[in-house]
Amino acid sequence: MAEYKLLTKDFGIEGLETLAVYERLGGYQGLRKALRDLTPDEVVAEVKTSAIRGRGGAGFPTGMKWSFLPKGVHPRYLCVNADESEPGCFKDRALIEQNPHQLIEGILIAAYAIQAPIAFIYIRGEYRDQRLILERCVEEARAAGYIGAGVLGSDFSCDVIVHGGAGAYICGEETALLDSLEGLRGQPRLKPPFPAVKGLYGQPTVVNNVETLSNLPHIVMRGGAWYAALGPEKSTGTRVFCCSGHINRPGNYEMLLGTPIRELLEEECGGVWKGRSLKAFQPGGGSMQVLLPEHLDLPLDMDAVTKAGSALGAGAMVFMDETTCLVNVSMRLVDFYHHESCGKCSPCREGTYFQSDLLHRLERGVLTKQELATLADICDNMNGKCFCPLGDTATWFVMSAYQAFREEFEAHCGAGGCPVRMGRRGEVLV
Amino acid sequence: MAADASPTPAAAAPPPDDGRVAVNIDGRALRVPRGTLILDAATQAGIHIPIYCAHPKMEPVAVCRMCLVQVEKLPKLQPACATVVSDGMVVTTRSPQVVKEQEGVLEFLLLNHPLDCPVCDRGGECDLQDFTVRYGPPTSRFPITEKVHFNKAVRLSDRIELDQERCILCWRCTRYYEEITGEKELVLQERGVHTLIAPFNDQPLRSEFQGNLPEICPVGALTHIKYRFRARPWDLQRSRSICPECSYGCNINVDARDFEVKRFASRDNPLVDDMWLCDRGRYSFPRWNSTDRIRRPMVGGRGEVAMPATLEEAVAQAARQLAAVRDERGGAAIGVLASAESTNEELWLLQRLAREVLDTPNLDHQLEAFPGLAAEEHELGIAEIEECRAVAVLGPEPERQAPVLTLRLFKAATKRGVAVRRLDTGAGARAAVEAVGGGEGLVGVIADETDRALAADVTARLRAAGATVKRLTVTRGVNGRGAKDMGMLPGLLPGYRAASPAGMSGREILEAAMAGRIAALLTVNAAGLAVEDRDQDLLRRAVARAEVVVALESRPGPVSESATVLIPGHSLMEKLGTVTSSEGRVQRIRAALPPATATPAETRVLSMLAADLGHPGWPAEPTLVQRAIAGAVPAYAEAGNGGRAVFVAVPA
């Protein structure tokens, strides 16, 4: 077990999901330390020092997010974003299944730091088992005095409420999450005002990702400065990467940020399967732009990957081998966005439908070259013009794949079928 | 509000902080109040930005993305409807990037929009059509076979039908229910491209304000059942007028075609209706299309068969009959009746005719004389409701009489924080004062005219508790207020000066006619007097009993049946004049239809009658009568056209 591992260090220990085992392994010491030794502002300062950035996708510095809360406006709320629904992403699920108390401890530390009397865990509807785990653990922690009035005998009180979503990708967007939590139709809100100023029920609200919060016990225990020393200066700590696709050992791997992507692929994932070579990969889940084998030497560093034209996003690595048809992948991803578009703004609602229609015809090989140009134009008309990032990101993979694999896209035009999947010899390779 | 033109901000010395910021839109520098949206700033500068979801009376949502503009130093295009200007902001509304985006959004909006403009009610006044012509792409790149289809005729209620396919999901209708009426009857269902507007729980709409929905809909999705497939907008003749259904004074456009009113449309007056109409008013238009009308003057004494006559003969006969009664039995034997359905000009001439020519104090425009009539009872303006600390509404009757008042009260309560208290009239004045609370600040008291006495009591008590109180009395009938201002009352002259001697009220006149004490009746639109059945009967019998009945009526009814001289009148849709709303706003009505008769308008007939009775030279045209009114009633001179005539203190 590598030394840098924090969140997944104890994975696999029998009974970790119970309070007793978690406590035996040093659990809830971070919360005790925060309540005993630190003021809320000092916790915020530690987190700022750690320079940890949000693990949900946007990578916004967590400490800075907390400091946007207006002074003296109460009550404030903490919302835990467990609506993990990015295509290819399954790290929060593992963190909840395997070490739920680590998350709850992190939630309580965050709630203490921002002085929130209630924390809501918004978990996606499909995660039914995980919701039951959390509900059980919350009750366990409540019985042990970690949750409720006067946490551990201090004058800080906090309740934790687990709320299941109803199955919508858009509810992972923080303001749509708030609407859904309030019992409304899950759709993003107009910003500003940002949730930090006017969030849940119109009160100042912080929305943090499961993985971000799971880091907090470690930051409090070992200090922000220690955490800041892990990884590159502006991309500190470790991250759990959800690796999937054409690799030998798919799964969640916690990596020290700054490690080359190649190391993740070759050593943790066991390389590309069936002895084939890598054609392309997506570093941040379904939303992010495609990268090529030449990008494997990039470090797992949010800024470095962004500079290369993609993003680490939610940390979902999807690897594609040489037999993959990028048109097919684009089609599947666009179908996802078409299905998940909330319908609020016209470019996303209609644009994803148009994209989907064009890509389906392209994959069937019945699209003309002129219509292929239309596809690029449609993407351009959507990107940056939508109400929320969903519509924008629906174009990113398609546009980047079209740029990087232009010949492959053009070969589909009028081909009467998918030239890649049929192969040159006419046999189906995948 | 006009924008100040100012030199380029960079060149000018830093101006003092006057709460305004400098902004440059398409090269035009202007200074606008801080907090102004780009959209409003552009409108002030005369620059058009296309919008669908934005609505001047609602909060921004920025969902249609039609109004995106380029703001210097910002990487993405910004929605003009939701972005507040900041000092030194430079905005471009027609850059190549914006033009491409506008074409893109219109292509998206038309993707699943049906191509049924030729049969769409909205065709010709449709924002989607107009903006596509002005900003849109020339052709669509989307295959027509792939369009998503929805239900084309969803009956939402007996008034509104929804074409879900034409809907572009601007959310104006759902926001209208949330922000303007406070009801929630329409919701969004499904998601993505399958999103649709639908009634909540499949329940029919029950709102009293549904008629506004088709008007705020930017396309032809929400339609009036009473207007569906009836006319094309370019065939309609539009006349600016006032809703004839109550005395709230909502401004309307009367759209007519082929001598028929096809619809009433709202005409925004922020001081009165705030662009919203009630369904009772909006859908009352069919009654003006009735062909059951009086078309020719008829003359016949008691016991004679009425015969058609020329107007001159009829007026001369009327003058002879009335003069005979006046000269033989005195003016007190004559009763003059009108209703709240006449214009100020007609009522003004009629009360002069009664007092100066027929020498009778017996004149009225209503059957009941509700006690406590005071000039100050309409001091509170409708828009002023929003400035009150609290408003007491006495009983359900004010809102029943003038439904649009409900929307103003809701706006005052939700957007201005006014404490609106709806009170039970049976609970008495003390309860009202308790509900509103004592202390300073402006308090509004709104009552129906039947509750004048209670309103006066509440007002006195609130004033004693330290509040500044203004009253608004909701009068009945479209010109119930104007009739009182014009002195169409037994005890009051124009401008609320006391009349001496006081004559009989409407019911007393009818009862006296039954008893034979009143021998002659002169009536103008008196059919509007009797709202209830038993009053209809009283009116019918009283008119039949009187020896002389000179009637100017537009429709056959209890009065016209037994008139000795019957002269056809013009309906409210056929004439020019002014009516005064409950708050005292003097507003003009205009002819939307040609008159159903060759007889001239009532004002001319009344001045002819005066001339035949020996008083020549009276003004006959409504505009000239208006001038005479302004000369005699100073409040009306101040009100002009569209202003408020306020009588605060009653002159002795």
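Two residues count as being in contact if their C-beta atoms, placed from the backbone, lie within 7 Å. With that in mind, let's walk through some views of this predicted model.

**View 1. Where chain B meets chain A.** Here 26 residues of chain B are in contact with 23 residues of chain A. Which helix of chain B gives the most to the side that touches chain A? That is helix α2 (residues 96-111), with six residues. Looking at what this side of chain B is made of, you will find 16 nonpolar residues, along with four polar and six charged ones.

**View 2. Chain B as a whole.**

**View 3. Inside chain B.** Of the 652 residues in chain B, 53% are buried. Now think about contacts in chain B with a separation of 6 or more: 69% of them are between residues 24 or more positions apart.

**View 4. A hairpin in chain B.** Strand β28 (residues 577-580) and strand β29 (residues 586-589) of chain B run antiparallel and are joined by four bridges. Then look at the turn: five residues lie between the strands β28(B) and β29(B). Which residue in this hairpin takes a positive phi? It is Gly584(B), with a phi near 90°.

Conventions: Residues numbered from 1 in each chain as written. Chains lettered and ligands numbered in written order. Predicted model: local features only at pLDDT ≥ 70, side-chain atom pairs only at ≥ 80, totals over all residues. Helix = DSSP H or I, 4+ residues; strand = E, 2+ residues; numbered from the N terminus. Nonpolar A, V, L, I, M, F, W, Y, C, P; charged D, E, K, R; others polar. Buried ≥ 20, exposed ≤ 12 C-beta atoms within 10 Å, placed from the backbone. Pairing = 2+ DSSP bridges.
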